[in-house]
Amino acid sequence: MVTSGRELEPPTPAKAATVLAAAPEFAAAASQLSAIGDTPVPAPAVSAEMVALLPRLQEAEEVQRRQAQRIAELRKRSVEVLEGWYRLGVMGVNECFAEWDERTARVESEVVRKAVEREV
């Protein structure tokens, strides 16, 4: 059985709807292409100057990359210092106060116990 290729094609109204739906995109593409055509080509001297700047731009990019890496390292160290200060300065002092509080409570209970013993 031989079939013609026309049996697999969508109907004409479906084709028209597809083309009409894409029509704004065709206009936008045409506008962009004409804008490219209207853009003047820079003078060779200007292009040569821009190409000559490329090594400086690459060097600046490398400096910026190294600076970003250094900043990341400093941030990490700052976090470590802050965590150490918190552990030692805040938590350590809190533990010290808690220990003093426990000792004071023990001494106070001992004083109260001895005072009760004297009264008896």
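Reader: Where does helix 1 bend, and by about how much?

Author: This is a predicted model, and in it helix 1 bends by about 40° at A23. A proline, P24, follows within four residues.

Reader: Okay, and what distance separates the end C-alpha atoms of helix 1?

Author: They are 37 Å apart. Helix 1 covers residues 12–38, and at 1.5 Å a residue its 27 residues should span 39 Å, so the two values agree.

Reader: How many of those 27 residues are buried?

Author: The count is zero, so to speak plainly, helix 1 is hardly covered.

Reader: Let's switch to helix 2. Where's the kink there?

Author: The kink lies at L54 and is about 35°. The proline P55 comes shortly after L54.

Reader: And what span should helix 2 have?

Author: Helix 2 runs through residues 44–119, and its 76 residues should span 112 Å at 1.5 Å a residue. The end C-alpha atoms of helix 2 are 109 Å apart, which agrees.

Reader: New topic: which residues form the nonpolar patch on the surface?

Author: L82, W85, Y86 and M91 do, with about 450 Å² of accessible area together. L82 lies in helix 2.

Reader: Is L82 buried or exposed?

Author: L82 is exposed, because its relative accessible area is 53% and the cut-off for exposed is over 50%.

Reader: How many aromatic pairs are there?

Author: One. The ring centres of F97 and W100 are 5.4 Å apart with their planes at 70°, so the pair is edge-to-face.

Reader: Where do F97 and W100 lie?

Author: Both are in helix 2, three residues apart, about one turn of the helix. F97 is partly exposed at 47% relative accessible area, and W100 is partly exposed at 43%.

Methods:
Residues numbered from 1 in each chain as written. Predicted model: local features only at pLDDT ≥ 70, side-chain atom pairs only at ≥ 80, totals over all residues. Heavy atoms only, no water. Helix = DSSP H or I, 4+ residues; strand = E, 2+ residues; numbered from the N terminus. Expected span 1.5 Å × (residues − 1). Bend = angle between axes of the 7 residues up to and from the residue. Patch = residues over 30% accessible without salt bridge, like charges linked within 9 Å, V, L, I, M, F, W, Y side chains within 5 Å. Areas by Shrake-Rupley, 256 points an atom, 1.4 Å probe, with all protein chains shown as cover. Salt bridge = Lys/Arg side-chain N within 4 Å of Asp/Glu carboxyl O. Buried < 20%, exposed > 50% of the residue type's maximum accessible area, 1.4 Å probe, protein only. Phe/Tyr/Trp six-rings, centres within 6.5 Å; stacked < 30°, edge-to-face > 60°.
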